[in-house]
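My notes follow in the order in which I looked things up.

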Amino acid sequence: MRKAGDKKRMYVISYDISEDKRRNKVAKLLEGYGRRVQYSVFECHINEKKLKVLYAALMDLTRDMQDGSVYIYTVCGSCEKRRMIIGEENRETEELQKPVIVI
């Protein structure tokens, strides 16, 4: 039986960080939690426990940041189903996440 905090939700996380090193660290962190849909936008399907861990890690990475921001939006299940995309969905990032076997 699932606990209330185990239910996965979709979060859209975007960032605007001018410092290259910090921006790269934030992107790398987010890659472990979701998929990149735009250069600085990720969709993350995670439970509340993982969100808290991610939030704490983002706070640590941005603690002394002078310029920039990170936005986290919660997307309800019915809203996620009504998502609209104009143009082609970014499949390139999905290809990057597939395992590669080198022989």
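**Whole chain**

I began with burial: of the 103 residues of the chain, 28% count as buried. I note here that the model is predicted.

I then listed the elements. The chain has four helices and four strands, and from the N terminus on they run β-α-β-β-α-β-α-α. I also looked at contacts between residues at least 6 apart in sequence; 72% of these join residues at least 24 apart.

**Strands β2 and β3**

I checked how β2 (residues 35-38) is joined to β3. Three bridges link the two strands, which run antiparallel. I looked up Arg-36 and found that its bridge partner in β3 is Phe-42. Two residues lie between β2 and β3, and the two strands form a hairpin.

**Helix α2**

I turned next to α2, which covers residues 48-62 and has 15 residues. From its first C-alpha to its last it reaches 21 Å, close to the 21 Å expected at 1.5 Å a residue.

Which residues of α2 are buried? I found Leu-51, Leu-54, Leu-58 and Thr-62. They cover an arc of only 65° around the axis, so they sit on the same side of α2. I recalled the general rule: an α-helix has 3.6 residues a turn, so residues three or four places apart point the same way. On the other side of α2, I found Lys-49 and Lys-52 exposed.

I asked what the buried residues of α2 pack against. The elements are β1 (9-17), α1 (20-31), β3 (41-46) and β4 (68-75).

At the N-terminal end of α2 I found a cap, Asn-47. One of its side-chain oxygens lies 3.2 Å from the backbone nitrogen of Lys-49.

**Thr-62**

Is Thr-62 buried or exposed? Its relative accessible area is 14%, and buried means under 20%, so Thr-62 counts as buried.

I looked up where its side chain goes. The side chain of Thr-62 reaches the backbone oxygen of Leu-58 at 2.7 Å. Leu-58 is itself among the buried residues of α2.

Last, I set aside the neighbours of Thr-62 within four places in sequence and listed its remaining contacts: Arg-22, Val-26 and Val-70.

Notes: Residues are numbered from 1 along each chain as its sequence is written. This is a predicted model: local features need pLDDT of at least 70, side-chain atom pairs count only at pLDDT 80 or more; totals for chains, interfaces and linings use all residues. Side-chain values use heavy atoms; hydrogens and water are left out. The expected span of a helix is 1.5 Å times one less than its number of residues. Buried means under 20% relative accessible area, exposed over 50%, partly exposed in between (1.4 Å probe, protein chains only). The arc is that of the directions from the helix axis to the C-beta atoms. Contact means heavy atoms within 4.5 Å. A polar contact is a pair of N or O atoms within 3.5 Å; within protein, one must be able to donate a hydrogen and the other to accept it, and residues adjacent in sequence count only if both atoms are side-chain atoms. Two strands pair if DSSP finds at least two bridges between them.
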